[in-house]
Structures are given as C-alpha cells and as structure tokens.
Amino acid sequence: MANMILPQTPKGEYNYISNDIWFHLTNYIAPKDVQTFAMICKQSADCVKSLHFWRQLYRKYCLTSSKLPKHLQAHQIANCDVNSLRTLVIEALFYCHQPLSNHLKSNFALEALLGKSCVSSWQLRDQQCTWIMCYKFQGHMRKPKHNPHHFEKQDRVEVVDDWESLANSDDDDDGGGYVVNSKKLKTEYTNEAASLLVIWCDRFIPFPSDYLNTNSSSALRLKAVRELLSTDMRSINLEMDLASLTGDQSITWKYKQIKKYKVLPWWHSDFRKFNK
C-alpha cells in the first residue's frame, strides 16, 4: 500500500457530476458553510449563484421569523433578481439566525475600513442636537467572469473565494430548472460590500472632500486610522489618513473629543438607519 501510485487526473480535465446532485446538497448547507460549499468546484459555485439557493436558504432560516423588518419580509423580496436577493437574504440571516445575529453585539474594528474608498459623506442631527458625521466606504468587488463551459442548468460559471463574491451572477435560471422573466425582477439594492463609519460629536466639522481639489465623482482611500485618548482623559480623538486614488493628494482628518463612533457593515441592522 505504501508504494501504490494513484492515477493523476490530466491537467484541465474536470469530473462532471449531475447538477441535480449538487442542487440536492444545497438543501443541507448551513449559512456558515456557504463559502466552503461554493469553493468545492465550479458546479457548487454555480449552485450558490442561483435564485433557487437563496430562496431555499430564506425559507429554511428566515421565513417564520418575527424579527424581520418590513423590507426583509417574504412579500418584499419575492421578485428580486439573484444579486439583490442574495444581499437581502444575508441581511435577513443577521436578524434571525443566531450564530450570525450574535455578531451584531460586537464592536467592529476601525481597521476593517483600511484600504477601502470613501465614496460619499454626509451629516445628520439626532434629537439631542448631536452632530452625526457619516462616511460611506466601499470595498472593491470582483467583476463577474464569463466561462464558456456549459452545464445542464446554467451556462455561466465563476469560481469565487470569498463570501462577498458568492452568487454574483446575472443568470435568468433560478437554479431549479425554471426560467425567470428578468424584466419582472427588482434590482434595487446596491450597498453590498459597503461600510459606514458613523461619528457622534458635539459640533459640526467639515468633510475632507471640502478641502481637497477633488470632483464629486472621485473617492478617497483610507490609508490609516487611529483612536487616541484625548487630553482630558475622558473622551477619545479619531484621526484618519486619506489619499486620493491617484495618490497626488493626501490629508489627515481629526475629530477631537468625540462622543462615540461605530463601524457598520452593509448587513448590519443599523446600516439602513444611517445610510443616505
């Protein structure tokens, strides 16, 4: 047995298994295992990019929950396309699936924003007249790749290796062999991979874009961020190093003696509250 040599699969060959088997296996995939399942092979990734997969996941873990807000209830997401449905189902899972909802109790680190681009900023006021400064940071999403390899139920396949790229497909097949009329599908949710930095302070502070020679369509990339104890030893200061995407402009922006701050990923229950 020690000297047995196993036959090697020629490079470029792929052992095809009927899509029916893969779609049957998706009925047993827990939310935490979606990424692992999608990375098995091209066919499993193809399953995760289907409407059928996300509808099944929603029915299994979210449909009977009483915790869902109105925009995540079944009748509101029934006609979404696969990209919109995927983001809404993930958001719903963070409301009602306990292993994921427990993450909402955690404070998200500022370092999670490093390298992301600040695409917009705005201010709000609460009932106590506190200034709320909001920055929207956008990650860099992969563009879908087209693969000519043909399968029984879907024609385009993309191998993905991270949670935020799963199911990123424009196919009209819902994964169950049924063709969906794409004209009737809603494509309204566009905040996937975005995060908000929300800062509460007692006075208005202009935004970095007001001081740099940037046009409205340009973005600033976050190079560094620091949370420092203020001189009164009772509050904190927040500093951000931002640079233009071309690298020709940079600025360090400081918020002194802020009340608090939060980092809100796009799937967080408070994201829509502050998003603009």
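**Notebook: patch, core, strands and salt bridges**

Entry 1, surface. I looked for a nonpolar patch and found Ile17, Ile21 and Leu25 on the surface, with about 230 Å² of accessible area together. Patches are made of residues with over 30% relative accessible area and no salt bridge; like charges are joined within 9 Å, and nonpolar side chains (Val, Leu, Ile, Met, Phe, Trp, Tyr) within 5 Å. Accessible areas come from the Shrake-Rupley method with a 1.4 Å probe, and for residues only the protein chains shown count as cover. The model is predicted: local features need pLDDT of at least 70, side-chain atom pairs count only at pLDDT 80 or more, and totals for chains, interfaces and linings use all residues. Residues are numbered from 1 along each chain as its sequence is written, and side-chain values use heavy atoms, with hydrogens and water left out.

I placed Ile21 in helix α1 (residues 19-25). Helices (H or I, at least four residues) and strands (E, at least two) are DSSP runs, numbered from the N terminus. Ile21 is partly exposed, at 46% relative accessible area. Buried means under 20%, exposed over 50%, and partly exposed in between (1.4 Å probe, protein chains only).

Which residues have the most contacts inside the largest nonpolar core? They are Trp54, Val198 and Phe274, in a core of 41 residues. Such a core is a set of buried Ala, Val, Leu, Ile, Met, Phe, Trp, Tyr and Cys residues joined through side-chain atoms within 4.5 Å. Helix α6 gives the most to this core, with nine residues.

I checked the length of α6 (residues 82-96): at 1.5 Å a residue its 15 residues should span 21 Å, and the end C-alpha atoms are 21 Å apart, which agrees. The expected span is 1.5 Å times one less than the number of residues. Of the 15 residues, 14 are buried, so α6 is largely enclosed by the rest of the structure.

I searched the whole structure and found seven. A salt bridge is a side-chain nitrogen of Lys or Arg within 4 Å of a carboxyl oxygen of Asp or Glu. Arg86 and Glu192 meet in one, at 2.0 Å from N to O. Arg86 lies in α6 and Glu192 in the loop between β2 and β3, so the pair ties together parts 106 residues apart in sequence. Arg86 is buried at 2%, and Glu192 is buried at 16%.

Glu91 forms a salt bridge with Arg272, with the closest N and O atoms 3.1 Å apart. Glu91 is in α6 and Arg272 in helix α8, so this pair ties together parts 181 residues apart in sequence. Glu91 is buried at 1%, whereas Arg272 is partly exposed at 34%.

Is β5 (residues 236-244) mostly covered or mostly open? It is mostly covered, since nine of its nine residues are buried. I noted that Glu239 and Asp241 are linked with Arg226 in a network of salt bridges.

I then looked at its partners. Strand β4 (residues 220-229) runs antiparallel to β5 and is joined to it by nine bridges; two strands pair if DSSP finds at least two bridges between them. Leu228 stands opposite Asn237. Six residues separate β4 and β5 in their hairpin, and Met233 in the turn has a positive phi of about 65 degrees. Strand β6 (residues 250-258) pairs with β5 over seven bridges, also antiparallel. There Ile251 is the bridge partner of Leu242.
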